[in-house]
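Please find below a colleague's note on the structure shown here. The points are numbered so that each may be taken up separately.

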Amino acid sequence: MLNLVLFGPPGAGKGTQADFLIEKFKLIHLSTGDMLRKQIAEETPLGLEAKSYMDKGFLVPDSIVIGMIKSILQNDKEAKGYIFDGFPRTVAQAKALDVILNENETPVSGMFCLCVEKDELVNRLLFRGKTSGRTDDQDVSIIENRIQVYNEKTMPIKDYYLEQNKYYMIDGMGSVEEIAERLSNTVATL
Ligand code: ADP
């Protein structure tokens with residue numbers, strides 16, 4: 001079973017590359033951002049709570065996102081593997097993911113960090129904001145906050161996976177195809 005964690009700052013291209021990887025390696029895509037936006041669209045209590053954090057560019061509490069991932073993984077034990085996109089985003093989430101996956105005896109295979117320069121991130125997000133309708137992509141101060149939260153809360157996960165020899169750095173600059181090729185060449189070495 002192949003369990004890939006796609007890692008990187010907002011705007012690094014995790015969703016775009018996940019689409020490519022699910023096709024190539026026949027994996028299931030789990031994006032906590034997409035799951036949360038679905039809850040918001042359906043106006044569930046969870047969605048309403050999550051929205052107050054997401055609108056400002058803060059992380060949704062660990063208990064909410066861990067619970068969402070847990071319920072999916074416990075109900076689908078037959079999958080060939082998963083791509084985790086936007087999860088884990090804190091060390092507590094990374095540890096919780098290991099506990100859940102170890103119960104299923106299907107550990108994380110590797111964590112792939114898409115590395116992109118900050119100016120490029122802001123440009124990509126503002127561009128996406130024009131078409132996606134996502135309000136968190138339309139305001140530079142919210143974007144800056146998300147990047148700061150990434151540096152403070154999410155970056156420490158790198159060491160967590162480095163210690164397990166599961167960290168892979170991928171150059172996330174260039175065309176979608178070039179990055180996809182770098183990623184799939186690295187995944188193929190696992
Ligand atoms: P991006 O990678 O561009 O920030 P996402 O769709 O992954 O887009 O996330 C959008 C927002 O959803 C985040 O800014 C955060 O508020 C919330 N979110 C998504 N995943 C998580 C997570 N694992 N933990 C906490 N908050 C999350």
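The points that follow concern a predicted model and treat its nonpolar cores, helix packing, cysteines and selected residues.

1. The largest nonpolar core comprises 31 residues. Leu 36, Ile 69, Leu 73, Phe 84, Leu 97 and Tyr 161 have the most contacts inside this core. As general background, nonpolar side chains in soluble globular proteins tend to be buried together.

2. Contributing elements. The most is given by H4, with six residues.

3. Second core. A separate core of 20 residues is also present. Among its members are Leu 21, Val 116, Leu 121 and Ile 143.

4. Packing of H4 and H5. The axes of these two helices come within 10 Å and cross at roughly 20 degrees. Because angles under 35 degrees count as roughly parallel, H4 is described as roughly parallel to H5. The crossing of H4 past H5 is right-handed. On the H4 side, the contact involves Asp 62, Val 65, Ile 66, Ile 69, Lys 70, Leu 73 and Gln 74. On the H5 side, it involves Ala 92, Gln 93, Ala 96, Leu 97, Ile 100, Leu 101 and Glu 103.

5. Leaving aside residues up to four places away in sequence, Leu 73 touches Leu 30, Tyr 82, Phe 84, Leu 97, Ile 100, Leu 101 and Asn 104. Leu 97, Ile 100 and Leu 101 are among the residues of H5 that meet H4.

6. Packing of H1 and H9. Helix H1 (residues 14-25) packs against helix H9 (residues 176-187) at an angle of about 50 degrees, and their axes are 10 Å apart. H1 and H9 are therefore oblique to each other. Their crossing is right-handed. H1 makes the contact through Thr 16, Gln 17, Phe 20, Leu 21, Lys 24 and Phe 25. The partners in H9 are Val 176, Ile 179, Ala 180, Leu 183, Ser 184 and Val 187. Leu 21, one of the H1 residues in this contact, is also included in the second core.

7. Cysteines. Cys 115 in turn has Cys 113 as the source of its closest cysteine sulfur. A search of the whole structure accordingly returns zero disulfides. Cys 113 counts as buried, at 6% relative accessibility, whereas Cys 115 is partly exposed at 38%.

8. Gly 129. This residue is found in helix H6 (residues 118-132). Gly 129 is buried, with a relative accessible area of 4%. Beyond residues up to four places away in sequence, Gly 129 touches Arg 134, Asp 137 and Gln 138. Its C-alpha atom and that of Asp 139, 10 residues apart along the chain, are separated by 8.6 Å.

9. Asp 34. Asp 34 belongs to helix H2. With a relative accessible area of 43%, Asp 34 is partly exposed. The C-alpha atoms of Asp 34 and Tyr 168 are separated by 24 Å, the two residues being 134 residues apart along the chain.

Notes
Residues numbered from 1 in each chain as written. Predicted model: local features only at pLDDT ≥ 70, side-chain atom pairs only at ≥ 80, totals over all residues. Heavy atoms only, no water. Core = buried A, V, L, I, M, F, W, Y, C linked by side-chain atoms within 4.5 Å. Buried < 20%, exposed > 50% of the residue type's maximum accessible area, 1.4 Å probe, protein only. Helix = DSSP H or I, 4+ residues; strand = E, 2+ residues; numbered from the N terminus. Contact = heavy atoms within 4.5 Å. Disulfide = S-S within 2.5 Å. Axes fitted to C-alpha atoms, helices over the stretch in contact; angles between N-to-C directions. Parallel < 35°, antiparallel > 145°, perpendicular 65-115°, else oblique. Left-handed = near helix turned anticlockwise from the far one by under 90°.
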